[in-house]
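Q: Hey, I've got a model open and I'm new to it. Can you walk me through how the pieces sit together?

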Amino acid sequence: MTAVSPTTRPKLTLSNPELERKVMECLSPLVLTEDQQQKVREVFLDEMRLGLAANPERTSSLLMENTFIPELPDGTENGEYLALDLGGTHFRVIYVRMKNGRFSEEVVDYFHVPSEKRLGPGQDLFEFLADCIAEFVQKRNLGGRNFQLGFTFSFPMTQKSLDVGILVSWTKSFNCPGVVGEDAVKMLNDAIHKRKDLDITVKAILNDTTGTLVMGAYMDKRCALAMILGTGCNGCYIEKVERIEKWLGKHLESEMIVDIEWGAFGDNGVLDFIKTDWDRAVDDQSLLVHSYTFEKYFAGKYLGDLYREILLTLTKKGLMCGGKIGNLHTHGAITTTSVSRIESDTFKGLLEETKMVLNDVKLNHDDDDLHIAQYVAGIISYRGITLVSLITGILLERMQRNHCTVAIDGSLFKHHPRFRPLMEKLISEFAPGRSFDLRLAHDGSGKGAALAAAIAERLEQKRSLTNSN
């Protein structure tokens with residue numbers, strides 16, 4: 001086998017030309033045609049328009065949420081800030097010290113959220129978070145001083161201002177009654193102030209995607225677009241305020257970070273024209289059926305199962321592994337990490353990792369089977385990267401910047417060997433002439449939240465100066 005470039009379109013060559021033809025024909029729905037790509041562009045632009053409209057003719061699958069962050073780190077940040085990062089069963093409390101816009105000190109502690117707090121009354125959860133903040137402050141000898149806190153709350157929410165975030169729905173393993181429809185900032189502030197021993201005010205609430213853009217701008221002032229490509233996926237970008245029609249009234253700000261919430265792109269059926277039977281099978285087996293449509297095409301939580309569903313079809317049709325299905329009927333039997341390992345084999349011209357993955361699911365295989373396994377990993381990865389790159393190209397064209405740094409966090413971008421190189425190639429093709437670069441921006445949900453608290457403080461100072469004049 002010869003090594004293949006990650007930017008090359010996957011190709012299948014088998015010893016049996018008839019088998020090759022049948023496999024290619026079976027898998028053809030996974031290859032996006034030029035017409036389909038153009039339609040994805042048109043649909044995404046229309047969903048953006050509807051999501052920003054004051055009176056849309058129908059509901060968009062894109063929330064296009066205003067984050068109320070009108071500016072980014074400018075190098076004047078000084079002082080001490082706290083951040084709370086809640087998005088799963090573990091959360092972090094973070095202390096940072098900033099000097100002339102740079103982090104000069106950082107301290108992090110991790111805490112576990114027990115199931116009774118994740119499922120019990122909402123007030124109990126927020127009081128537990130306040131207890132953990134108090135424990136952190138005491139342990140790190142930070143008592144007796146005032147802190148502004150940035151709160152990364154990675155759940156669907158509607159923001160009314162930088163420090164008001166109304167929970168739309170719980171996701172992941174959380175389901176506390178009494179929080180949906182309530183302001184998470186107020187609930188956390190109430191729990192903190194109830195303790196009497198903490199002088200802390202929550203100044204900013206954001207999700208991990210917005211935090212990644214803030215962190216990206218700290219690293220490079222030309223950053224105007226950020227995305228999470230990990231277990232899930234989302235994106236946010238800097239939009240002109242005049243285009244946010246649904247934000248009624250007069251505004252002094254000229255720009256604002258808009259959180260697209262693109263994981264749900266297509267939840268209203270607008271992307272059904274690219275949906276395959278395998279995508280439907282993945283959706284049917286997921287926790288939240290008929291939601292997070294876009295995410296399910298390629299995100300880390302789903303790519304392994306999509307791969308397994310396709311191999312299951314090929315074996316059942318007798319096109320692979322002698323028609324024996326091994327453990328392929330077991331949900332979760334193949335992970336996205338396995339898909340990344342197979343892709344690594346392809347790019348090195350090897351078969352070793354591919355053999356191990358097939359062995360793990362009890363499949364007997366010859367060389368043709370291994371080549372089919374690599375081809376499937378290639379085309380589902382290629383399709384996912386094409387979809388992300390199409391959207392990225394649209395946003396670069398929309399923002400019309402001289403240069404845009406794209407900040408990206410997430411395990412898929414970090415560890416899947418095809419993602420970065422192919423994204424760079426395809427985005428260049430989809431947004432010709434646009435200058436951009438992709439940067440890994442780690443810890444937007446931690447340091448990004450602390451930076452958001454610093455930005456909130458600066459905005460407050462500006463407002464009080466304006467009012468006093």
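Q: Which strands does helix α5 lie across?
A: In this predicted model, helix α5 (residues 184-194) lies across β2, β5 and β8. It runs at about 160° to β8. Axes here are lines fitted to C-alpha atoms, for helices over the stretch in contact, and angles run from 0 to 180 degrees between N-to-C directions.

Q: How do the helices and strands get their names?
A: Helices (H or I, at least four residues) and strands (E, at least two) are DSSP runs, numbered from the N terminus. Residues are numbered from 1 along each chain as its sequence is written, and side-chain values use heavy atoms, with hydrogens and water left out. Since you asked about ground rules: in this predicted model local features need pLDDT of at least 70, side-chain atom pairs count only at pLDDT 80 or more, and totals for chains, interfaces and linings use all residues.

Q: Ok, and what does α14 lie across?
A: Helix α14 lies across β2, β3, β4, β5 and β8, and it runs at about 110° to β8.

Q: What order do the strands of that 5-stranded sheet come in?
A: The order is β4-β3-β2-β5-β8, in an open sheet with mixed pairing. The edge strands are β4 (102-112) and β8, each pairing on one side only. On average, neighbouring strands of this sheet are turned by 25° against each other, direction ignored. Two strands pair if DSSP finds at least two bridges between them.

Q: How do β3 and β4 pair, parallel or antiparallel?
A: Antiparallel: strand β3 (residues 90-99) and β4 share 10 bridges. Lys99 stands opposite Arg102 in β4.

Q: And what about β5, how does it pair with β2 and β8?
A: Strand β2 (residues 79-86) and β5 pair in the parallel sense over 6 bridges. Asp85 has Thr152 in β5 as its bridge partner. On the other pairing, β5 and strand β8 (residues 200-206) are also parallel, over 6 bridges. There, Gln148 stands opposite Thr201 in β8.

Q: Is β5 (residues 147-153) buried or exposed?
A: Buried: 7 of the 7 residues of β5 are, so this strand is largely enclosed by the rest of the structure. Buried means under 20% relative accessible area, exposed over 50%, partly exposed in between (1.4 Å probe, protein chains only).

Q: Which way do the β5 side chains point?
A: Phe147, Leu149, Phe151 and Phe153 point one way, while Gln148, Gly150 and Thr152 point the other way, and all are buried. In a regular strand the side chains alternate between the two faces of the sheet.

Q: Back to α14. How does it pack with α6?
A: Helix α6 (residues 208-219) and helix α14 (residues 447-468) pack at an angle of about 80°, with axes 8 Å apart. The two are therefore roughly perpendicular to each other. For the wording, angles under 35 degrees count as roughly parallel, over 145 as roughly antiparallel, 65 to 115 as roughly perpendicular and the rest as oblique.

Q: Which residues meet there?
A: Gly211, Val214, Met215 and Tyr218 in α6 meet Lys447, Gly448, Leu451, Ala452 and Ile455 in α14. By class, that contact has 6 nonpolar, 2 polar and 1 charged residues. Contact means heavy atoms within 4.5 Å. As for the classes, Ala, Val, Leu, Ile, Met, Phe, Trp, Tyr, Cys and Pro count as nonpolar, Asp, Glu, Lys and Arg as charged, and the others, Gly among them, as polar.

Q: New topic: at what angle do α1 and α8 cross?
A: Roughly 135°, with the axes of helix α1 (residues 17-27) and helix α8 (residues 303-316) coming within 11 Å. So α1 and α8 are oblique to each other. Val23, Cys26 and Leu27 in α1 meet Ile310, Thr313 and Leu314 in α8. That contact has 5 nonpolar, 1 polar and no charged residues.

Q: What's the strand order in the sheet with 6 strands?
A: That open sheet goes β1-β11-β10-β9-β12-β13, with mixed pairing. Its edge strands are β1 (65-66) and β13 (436-440), each pairing on one side only. Helix α11 (residues 367-399) packs on the sheet, touching β9 (223-229), β10, β12 (404-409) and β13, and its direction makes about 165° with that of β9.

Q: Last one: where is Asp443 found?
A: Asp443 is in the loop between β13 and α14. It has a positive phi of about 65° although it is not a glycine. At 8% relative accessibility, Asp443 counts as buried.
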